[in-house]
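Please keep the sequence and the model in view while reading.

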Amino acid sequence: MKKTASLLLGAALVMSLTGCETFLGGSSSSKTASGPVTTQYDCTDGTHFTITRDNKTPNKATLNRQGQAYEMTKVATRTGSDKLQHSSGLTYIGVSNMSSLVNFKQGKNISSECRSEEQTLIQKELDEKRKQEAAAKAAEAKKTATTSKKTTATKKTVRKTTRKVVRKTTRKK
């Protein structure tokens with residue numbers, strides 16, 4: 001009994017020291033000073049996966065999806081996006097506000113529009129910025145329309161005044 005309890009306590013200590021707090025009910029993105037970092041991604045299709053990275057091996061990561069672990073290798077990209085590949089063709093692609101899982105060997109999209117907590121915050125900021133830009137454009141369009149109406153009204157007034165002046169000058173002669 002003592003041996004089992006000490007093993008469980010030791011396993012819990014090792015898990016917390018290696019950054020595995022997620023499995024003990026921690027946050028979706030957990031890390032320690034030198035241990036691995038685990039990030040959870042939730043997808044719009046209801047699926048989710050986690051990626052665990054370790055600073056000791058920056059070009060390697062482990063992707064866990066549906067109970068399977070895939071040892072992924074970082075691939076350089078021209079765009080600067082985060083790209084991890086597995087020998088089976090499974091590929092993770094991440095940009096600032098969204099991630100996707102695809103299988104290039106099978107030629108199919110596995111999960112798209114997946115986001116970590118950080119990516120969700122970035123997406124919310126982008127959405128808010130788009131709303132502000134749309135509101136600014138609408139205000140500018142309204143201002144332009146108002147100015148256009150005023151200009152049209154002014155032009156009509158000038159035409160009427162000009163006609164009156166022309167009539168008066170032609171009558172006097």
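A nonpolar core is here a set of buried Ala, Val, Leu, Ile, Met, Phe, Trp, Tyr and Cys residues joined through side-chain atoms within 4.5 Å. The term buried stands for a relative accessible area under 20%. The model to which these terms are applied is a predicted one.

The protein chain contains two helices and nine strands, and from the N terminus on its elements follow the order α-β-β-β-β-β-β-β-β-β-α. Of the 173 residues in the protein chain, 23% are buried. Among contacts with a separation of 6 or more, 20% are made by residues 24 or more positions apart.

In soluble globular proteins, nonpolar side chains tend to be buried together. In this model the largest nonpolar core has 13 residues, and the members that touch the most others are Phe49, Ile51, Leu63, Met72 and Tyr92. At least two residues of this core come from each of strand 2, strand 3, strand 4 (57-65), strand 5 (68-74) and strand 7. Isoleucine 51 illustrates the packing: leaving out residues up to four places away in sequence, its contacts are Val37, Thr38, Thr39, Tyr41, Ala61, Thr62, Leu63, Leu84 and Tyr92.

Phenylalanine 49 belongs to strand 3 (residues 48-54) and tyrosine 92 to strand 7 (residues 90-94), so the pair ties together parts that lie 43 residues apart in sequence. Phenylalanine 49 is classed as buried because its relative accessibility is 1%, and tyrosine 92 is likewise buried, at 2%. Together with Tyr41, Phe49 and Tyr92 make up one aromatic cluster.

Tyrosine 92 has a polar partner as well. Its side chain makes a polar contact of 3.0 Å with the side chain of serine 99. Serine 99 is located in strand 8 (residues 99-103) and is buried, with a relative accessible area of 0%. Which residues surround serine 99, leaving aside its neighbours within four places in sequence? Serine 99 is in contact with Tyr41, Tyr92, Ile93, Gly94, Ser112, Glu113, Cys114 and Gln119. This list includes Tyr41, a member of the aromatic cluster, and Cys114, one of the two cysteines of the disulfide.

A disulfide is a covalent bond between the sulfur atoms of two cysteines. The count for this structure is one disulfide. Cysteine 43 and cysteine 114 form it, with their sulfur atoms 2.0 Å apart. The link is right-handed, with 100° about the S-S bond. It joins distant parts of the chain: cysteine 43 is in strand 2 (residues 37-43) and cysteine 114 in strand 9 (residues 108-115), 71 residues apart. Both ends fall under the 20% limit for burial: cysteine 43 is buried at 9% relative accessibility, and cysteine 114 is buried at 0%.

Terms used
Residues numbered from 1 in each chain as written. Predicted model: local features only at pLDDT ≥ 70, side-chain atom pairs only at ≥ 80, totals over all residues. Heavy atoms only, no water. Helix = DSSP H or I, 4+ residues; strand = E, 2+ residues; numbered from the N terminus. Buried < 20%, exposed > 50% of the residue type's maximum accessible area, 1.4 Å probe, protein only. Phe/Tyr/Trp six-rings, centres within 6.5 Å; stacked < 30°, edge-to-face > 60°. Polar contact = N/O pair within 3.5 Å; in protein donor to acceptor, adjacent residues only side chain to side chain. Contact = heavy atoms within 4.5 Å. Disulfide = S-S within 2.5 Å.
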